[in-house]
Each structure stands twice: as structure tokens, then as C-alpha cells.
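Here are my notes on the model, point by point. Please keep the structure open while reading.

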Amino acid sequence: MPFDSLRALRAMPLVNQLPKGPYYGILAEFATPADLYHACERVRDAGFTRWDAHTPFPVHGLEGAMGLRRSPLPWIILVMGLTGAAFGFGLQWWVHASAYPLVISGKPFFSWPAFIPITFELGVLFAAFGAVFGMLGLNRLPMHYHPLFRSKVFERVTDDAFFISIESWDPRFDSSATGKLLESLGARSVELLES
Amino acid sequence: MTRAIRDGTNALLFKLEAGNALAQTEAELLDNPVAGQPTLILRSPDFHSITEAVAEPVERRTPIGWWVFFIPSFALLALLGVAVSWLFWEGIGIWGLNVPVGWAWDITNFVFWVGIGHAGTLISAILFLFRQKWRTSINRSAEAMTIFAVMCALTFPGIHVGRVWVAYWMFPIPNQMSMWPNFRSPLLWDVFAVSVYGTVSVLFWYVGLIPDLATMRDRAKTRPRKLAYGFFALGWRGSVRQWHHYESAYLVLAALATPLVLSVHSVVSMDFAVSVLPGWHTTVFPPYFVAGAIFSGFAMVVTLMVISRTAFHLEHIITLRHFDYMAKIMLVTGSMVGYAYATEFFTAWYSGNPYEMFTFLNRAMGPYAWAYWIMVSCNVISPQIFWFKKPRTSIPILFVMSIVINIGMWFERFVIIVTSLHRDFLPSAWGYFRPTVWDVSCLLGSFGLFFTMFCLFARFLPIVATAEVKTVLPQADPHYESGPEREIKDHQAARPARGAPEPAPEGAS
């Protein structure tokens, strides 16, 4: 049931409001980043936890309006980068000073200044892997199926539309009251999503 | 009222869209002291029209113009295939290099292509860290350029090794001979630097592409397109919780790519500088190579941007302001390169070393003087016209200059490599390198590889980072309506319905 407004749903008795079977949550569309920003502040202050906002581009300050904590990603990257650098340095030490010591141009076996470029490069390589795969892991991507993709309007999330989705298993979720709240925050349309 | 003025300007731009008229207006807009904040994107579009402008060319039927570029590029790529096959069959004796010139066109091409790549990373990473928002219009294609340039670059040392089937010996792979590469050699640093650079560039580019691939997925009309874009979009749903980690990853990748790109050309320069050959053995090489790399890379970005903005009608996204900035960077880096040329001569003279002095006099006045002076006139003299605003904002001049600069930068590497080698310490070991038809074929073929890849990229992927460009529009700011001159009503009225043609901005309201 795409594009269902709760306005129509509310006219019906309570039992009929819910789609048959379990449902994922509520999706509300907002017209502008500014509308979305203020709505997010209100949803955050209302104490919701299992919810999200969706935008075609990163809107700055929205993570604050949603009350998100800092991303732990930099720590993952730091650990990965140090691992890569240590691995690079260790590999070179092991090859030249332990596994296969060869005198090359009269240099000492453990000529560490010459090991710095590759240590640096491998540190960067591992850190970059940490950044990309860490980001994908924290974001639970790839996830090619998601209930939100059932919504027709949601196709515009990568174009010019701004959404708030509140999941039904949020403790404060109530299909009728939550829908009203989103509408009062200036949502253009509110839709209940089946899971 | 203010809005009326703004819209009046937009209306003017809109009417003057065709031909030179747009260029004129754009040029006037470039340094508008009244507007304060520079206008990065012209015609003040809404979010949807940005998506439309970028995604639509990818979705329409393949235009004839694309084939006009693709077929010659592909023909040159085929030439590379022939040249490389013959090389593998016969050996590197088919090239003109021989003692004393053991490195010639192949390594020149390698350094040239690695250098081209550097501007892409500079635009995507360094300008990102410096919050230079104008980069958003060009960073996607500049990053693609980096990747394709690194592909071309890696080809040359790869085929130069002669026995390509043992090229994997360059990597520390455990093997039955218990044999390891020599990690103290700059040539091995180079293997690591360039392959890490290639890998990180691909990752950076792909991370930037994910939101735009999702846009392509959501716009796709046919099932194959939906599946293909959908697969690579990884199920991106623009969630702020995702953007949160995404932006963190992007920022750190930029911070990692910045020292990486500086290290790569420094390491490339150490291939030369760590040897004890006069002409190569100088400490100025790392910064000098990096400046030259950025110089030639920006010239290549200009070449590609002139073509793609015209072909895809992106004049309002890739504006003259962007070209103006790039021309300034070319002026700065070109002058730095010129300064490095002078420093080399000064150092040779000041060293009092007869071999050093001979090498540099020979470079400027010996048998390869023609190459040296081509280099100086293309790289040092000609970019000086960018002191003036007219050449910085004239597309034909920029296009010609971008090609001139890259010819000069190719000759720079040729001069460094070949002139330092061709007259060895003893006159009995002097020689003169002449390229063979296979040297030339490999160089032309590498351009074929580069442009074939770029054509494919421009055909199937959004060439502008739409998600990023949207962030530089004024209405992307969540506090947009609270600005002193703007009213929320105006703003909502200005948002046209989806799919509607771009409305002629109403004048006074």
C-alpha cells in the first residue's frame, strides 16, 4: 500500500490501522533539509531510539540533531594502520635479518631507515582497508534487501527526498501516536511499512 | 526583494545560456565581491535537477559523439595489445633502448602516467581536507583519471622487466626458492608505493561512488540496470546513521591519501635520486617530482573536463570558476617546476663536480637540447600566461595549454632519464637513444588504454559526484531558512515539483 497517509488510516477503527502481519515501521517524508533537521530534534527529544533519517546527501549537523555518538571508525582505522605498519616493518626485518640475510652494498642486515617507505605504505594500505571495510561493517552493508525499499516514495531518497523512519520495535512506538507526531512535525506524507 | 534580485541574475544566466554568452556571464560572476560566497554551481538548481543533469546522460541511448571518442581510443588500445604481444614474443630488443640508455621511453611513460594520477588524488583528498568545496564538481572524474593513469603507469615497468611471467617476483610471496625481494631498493619501494596508491585510489573512488550508484539504481528503468547498479550500490539507503560512518571513513581516507600521494612520487623520484648518477642524484627530486606530477595532472584534468563538460552539457556544474582555480594551480606548480630546473643547474655549478656540471650543460646544449628546450618552453614559459585572467577563463586557451603542458611534462621525464644516461662517465660509452616504432606504439597505446577506460567510465557511471554537489547548494544547509535574507516561504515556493521542467524563475514576487 504505497503512499498511504495516516490521515486516511486514522478515520478507521484502531484494529484496521495496522497492516496484516508484522510491520517494519513508519516512514515520513519531509520537504527540505531544514524541516528534517527540526523534526529529527523533536523525534530525538521524544526519546525514540530505533529510528533513522534518510537523505540524498550528508546533511551537516544532522547527526547532532539525531543525537548520534561519534563514530568508532577512526579507532578501527588506527588499529588497522598500526597493524599494517608493524607487519610491514616486521616482514622486512624478518626477510633481511632473519630468514635470508644477504649482504647488499655492504649495508647492515637490519638497515631500518631503508624499511621506512614500505612500512609507511603498508600502514596506509591496511588503514584504508580498515576505513572501507570498517565502514561497511558498521553500516551493515552490503544489505541488498531492506523493508524500506518496498516504499515507492523511498526511491527518491537518493535524489531529492528527506525521510524519517521509526521502527516498530522501538519501545515508544505506537502506530497512531507516532504517525501523528511525525505529521505535526511537518511531514509531507506518512506511510506505514510492512516488513 | 533580495530574492527578486537573485532570481533576476538567474533569469539572466538562463537566457544567456547558449554559446559564448554563458561564458561571458560566468566570467563576470567569477570574482563578484558583493556576493561574498562564491557561486559554485550556476543557475541555482534544485537537488533533483542536479541528479537529472548527471544521471540522464548515462541513461540515454549511446550518443554518436561517444563512439567518435571511443572507436579511436579502442583502436589505440588494440595497438597497445599488438605492441605488447610482439614485445613478449620478441623481447625488449624491439625497443630503442640499449646500453648506455637502459631506461628510456618505457620509464618515461611510467613516470608520466603516475604523475598524471596525482592531480586526481590532490583534488579528491587534499582539497577535501582544506574544505575547498569547488572540488565537488570535478573530483569524481579526477579520481577516475587517477585510477586509469595508474593502470597505464603500472603497464610500463610490468612489460619492461622482460620476462613478464616472473613479474610476481617483485612481490614478497613465499616460494619454493625461499627467495625474497630486496626491501632496501627504491625500485621495490616503488612497487609498493604505486600498487598501494592504485588500491587506495580505487577504494576511495568506490566509496565516493556508493551513494551515486544507489541513485542510478533507484532511477533504473530496466531490470539489468537495476541489478547491476543495485549490486554495486550495496543496498545503500542514505541513512544518517550510515552517512555518519561514511563521512568518517571518507575523511580518514582523504587524510590517508594525502601523505600517500606525496610519498608515491617521492618514491618514484628516489628510483633516480638514490642512484649515484649525475643528473639523478639530487635531493631536490622528491618535491620537484611531486610539483611536476600535480602540474601535469591538473593539465590532464582540464583536458578531460573541457571535453566532458561540453559533451554532457555540464557547464553550470563545471563552471569557469573551476577552470580559473585549476589554471592558478597550474601556474603555481609550473613555476615551482621551473624553479626546480634552475635549482638543479645552480647545484651542479655550486657542487664544483665536473661530472655534474657536464651533465647539466649537456642537457641544455648537447644532442638532446631540443628536448630540453621543448620542456622549458612548455612547462615554464607557456604557463606564465595564466597570470592573466582572460586565458584562465577561456576554454580554447585552457584546452590548448593543457595539452602543451602535458607534452612538456612528458619531455621533462624524457630529459631527466635519457640525457642523464646517454653520455656515461667514459666517452667510449656514449650513445644516442632513438625510439623505434614499438616505443611509439606503446606510448600511443597507453593513451588508448586511458581514453578507452575514461569513455567507459563516462558512459556507465555518473561523472559528477551528485551527492557531494548537492551539499554545496545553499538549500542543503539545514539552517538555510534562518539566513537573514531568506524566508522559508520563498524557499518552499522555489522547490518545483519533481519531473517538471526547470521553471523560468519568476521575477519580482
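1. In this predicted model, 48 Å separates the C-alpha centres of domain 1 and domain 2 of chain A. Domain 1 is built from 6-13, 23-56 and 160-194, and domain 2 covers 73-138. These bounds come from an automatic or database domain assignment.

2. Conventions. Residues are numbered from 1 along each chain as its sequence is written, and chains are lettered from A in the order in which they are written. The model is predicted, and local features need pLDDT of at least 70, side-chain atom pairs count only at pLDDT 80 or more, and totals for chains, interfaces and linings use all residues.

3. The model scores are ipTM 0.88 and pTM 0.85.

4. Chain A meets chain B through 58 residues, against 59 residues of chain B. Contact here means C-beta atoms, placed from the backbone, within 7 Å. On the chain A side, the elements giving two or more residues are α3 (33-45), β2 (51-54), α4 (62-65), α5 (73-99) and α6 (116-138). Helices (H or I, at least four residues) and strands (E, at least two) are DSSP runs, numbered from the N terminus. α6(A) gives the most, 13 residues.

5. What classes of residue make up the side of chain A that touches chain B? It has 38 nonpolar, 13 polar and 7 charged residues. Ala, Val, Leu, Ile, Met, Phe, Trp, Tyr, Cys and Pro count as nonpolar, Asp, Glu, Lys and Arg as charged, and the others, Gly among them, as polar.

6. Chain B has a mean pLDDT (the predictor's confidence in each residue, from 0 to 100) of 86, with 86% of its residues at 70 or more. Residues 1-24 of chain B stay under 50, with 28 contacts beyond four places in sequence. Residues 482-509 of chain B also stay under 50, with 30 such contacts. Where pLDDT is low, the predicted coordinates should not be read in detail.

Methods
Two residues are in contact if their C-beta atoms, placed from the backbone, lie within 7 Å.
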